[in-house]
Amino acid sequence: MKIAFCCSDTAPGPWLAGLTAALPQARIEVWPDDGTPPAGHDGEPADYAVVWKPPQRFLNAQPRLKALFNAGAGVDALLPLTLPPGLPIIRLEDAGMAAQMSEYVLHTLLRHFREFDAFEASARAGVWADRVPRLHQDCPVGVMGLGVLGAHVAREVARFGFPVHGWSRSPRSIEGVRTYSGAQGLQEFLGATRVLVNLLPLTPETENLLNRGTLGRLQPGGYLINVARGGHVVDDDLLALLDSGHLAGATLDVFRTEPLPPEHPFWRHPRIHVTPHISALTLEDVSITQIADKLARFVRGEPVSGVVDPARGY
């Protein structure tokens, strides 16, 4: 069994060592980011590939793949490529990201809810000032996308006493969370939400979904936390809603162009917090173990979770 490894912006050493230890029967060949054949390449195509944002050139050189394993949860960079029809695509699930994502969302939510930005501004001005406490029931939180990460975040937020709503393409049931689904459910979901947490996959249907029309349906004083993909947000619409006062603020971890260009207005807007795509980082050891387990199960003909439906985009 031969495995080709081609993961952009990833040091191959730990992955090579981990996969070799977990799959001693496999021959693993590391390919450069640009997809050119590596030194010593014997010309034999791989049976399986572990990839992250691979170039088309790499995929063209692998005509006999039996499955493609994505070293991340999102496959939006993979699906636009030309892939063999019917090739199974298997993505990471959680891999240590759910806990990180929940921490990020809860930190952001509590900072907004408890108005710590206002207290910090008062402290910098040397002003001792209190504020009227907010009530949890006045700050309903809506989570868009109820997959592994979204469902975990929704449950954790509910544990802190906030009313939690969830929206997904198809119906889901989560204890302690009021769920909505489909186009009709989206409008009711948005109207019931003050703090919106976006955890949707990026697909042709969800691109630009967070625009003036949808964000404008949030309750007055709404707040956006985007930890999914920058392509979900129409930047100018978000800025307009912040400037109008309909939205109180936004914390953004993902952007259409990354790194975020220095001239982008998000950097300077007083109601926007920017972080550099760090809400949930891939943990190498956990990810390697998960991919090795999925690959071994696939080889044995056993059921594997995380299989992507290309028609849906996740």
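Me: Where does proline 259 lie?
Reply: Proline 259 is in the loop between strand S11 (247-252) and strand S12 (272-274). Keep in mind that this is a predicted model.

Me: OK, and what kind of peptide bond joins glutamate 258 and proline 259?
Reply: A cis one, with omega at about -5°.

Me: Where's glutamate 263, then?
Reply: Glutamate 263 is also placed in the loop between S11 and S12.

Me: Is glutamate 263 buried or exposed?
Reply: Exposed, because its relative accessibility is 56% and the cut-off for exposed is over 50%.

Me: How far is glutamate 263 from alanine 71?
Reply: Their C-alpha atoms are separated by 31 Å. Along the chain, the two residues are 192 residues apart.

Me: Let's zoom out. How many helices and strands does the protein have?
Reply: There are 9 helices and 12 strands.

Me: And what does the C-alpha trace span along its principal axes?
Reply: About 70 × 40 × 30 Å.

Me: What's the radius of gyration, and what would a compact globule have?
Reply: The protein has 22 Å. A compact globule with 314 residues would come out near 20 Å, so the value for the protein agrees with that.

Me: How much of the protein is buried?
Reply: Buried residues account for 47% of the 314 residues.

Me: What about the accessible surface?
Reply: That comes to about 14900 Å², and carbon and sulfur atoms hold 55% of it.

Me: How many contacts join residues at least 24 apart?
Reply: If you take the contacts between residues at least 6 apart in sequence, 62% of them do.

Me: And the charges, how many positive and negative?
Reply: The protein has 28 positive and 33 negative charges, and the mean positions of the two sets are 4 Å apart.

Me: Helices next. Which residues of H6 are buried?
Reply: H6 runs over residues 182-191, and Gly185, Leu186, Phe189 and Leu190 are buried there. These residues are on the same side of H6, because they cover an arc of only 135° around the axis.

Me: Why would residues along a helix point the same way?
Reply: An α-helix has 3.6 residues a turn, so residues three or four places apart point the same way.

Me: What covers the buried residues of H6?
Reply: The cover includes four strands you can look up: S6 (141-144), S7 (164-168), S8 (178-181) and S9 (195-198). Helix H7 (212-215) is also included.

Me: What about H8, which residues are buried there?
Reply: In H8, residues 235-244, you'll find Asp235, Asp237, Leu238, Leu239, Leu241 and Leu242 buried. They pack against H7, strand S10 (222-226), S11 and S12.

Me: What comes just after H8?
Reply: Glycine 245, with a positive phi of about 95°.

Me: Which residues other than glycine have a positive phi?
Reply: Lysine 53 is one of them, with phi near 50°. Glutamate 115 has a positive phi too, about 60°.

Me: Where do lysine 53 and glutamate 115 lie?
Reply: Lysine 53 is in the loop between strand S3 (48-52) and helix H2 (56-60). Glutamate 115 is in the loop between helix H3 (97-113) and helix H4 (116-124).

Me: How accessible is each of them?
Reply: Lysine 53 has 46% relative accessibility, so it counts as partly exposed. Glutamate 115 has a relative accessible area of 15%, which means it is buried, since the cut-off for buried is under 20%.

Me: H3 came up there. Where is alanine 98?
Reply: Alanine 98 is in helix H3. At 2% relative accessibility, alanine 98 counts as buried.

Me: What is alanine 98 in contact with?
Reply: Leaving aside neighbours within four places in sequence, alanine 98 contacts Leu149 and His152.

Me: And how far apart are alanine 98 and alanine 280?
Reply: In space, 7.3 Å from C-alpha to C-alpha, while in sequence they are 182 residues apart.

Me: Last one: where is alanine 26 found, and what does it touch?
Reply: Alanine 26 sits in the loop between helix H1 (12-22) and strand S2 (27-30). Not counting residues up to four places away in sequence, alanine 26 touches Met1 and Ile3. Alanine 26 is buried, with a relative accessible area of 12%.

Me: How far is alanine 26 from phenylalanine 255?
Reply: The C-alpha to C-alpha distance is 38 Å, and the two are 229 residues apart in sequence.

Note on methods:
Residues numbered from 1 in each chain as written. Predicted model: local features only at pLDDT ≥ 70, side-chain atom pairs only at ≥ 80, totals over all residues. Heavy atoms only, no water. Helix = DSSP H or I, 4+ residues; strand = E, 2+ residues; numbered from the N terminus. Rg over C-alpha atoms; globule rule 2.2 N^0.38 Å. Buried < 20%, exposed > 50% of the residue type's maximum accessible area, 1.4 Å probe, protein only. Contact = heavy atoms within 4.5 Å. Areas by Shrake-Rupley, 256 points an atom, 1.4 Å probe, with all protein chains shown as cover. Lys, Arg positive; Asp, Glu negative; His and termini not counted. Charge placed at Lys NZ, Arg CZ, Asp CG, Glu CD. Arc of directions from axis to C-beta.
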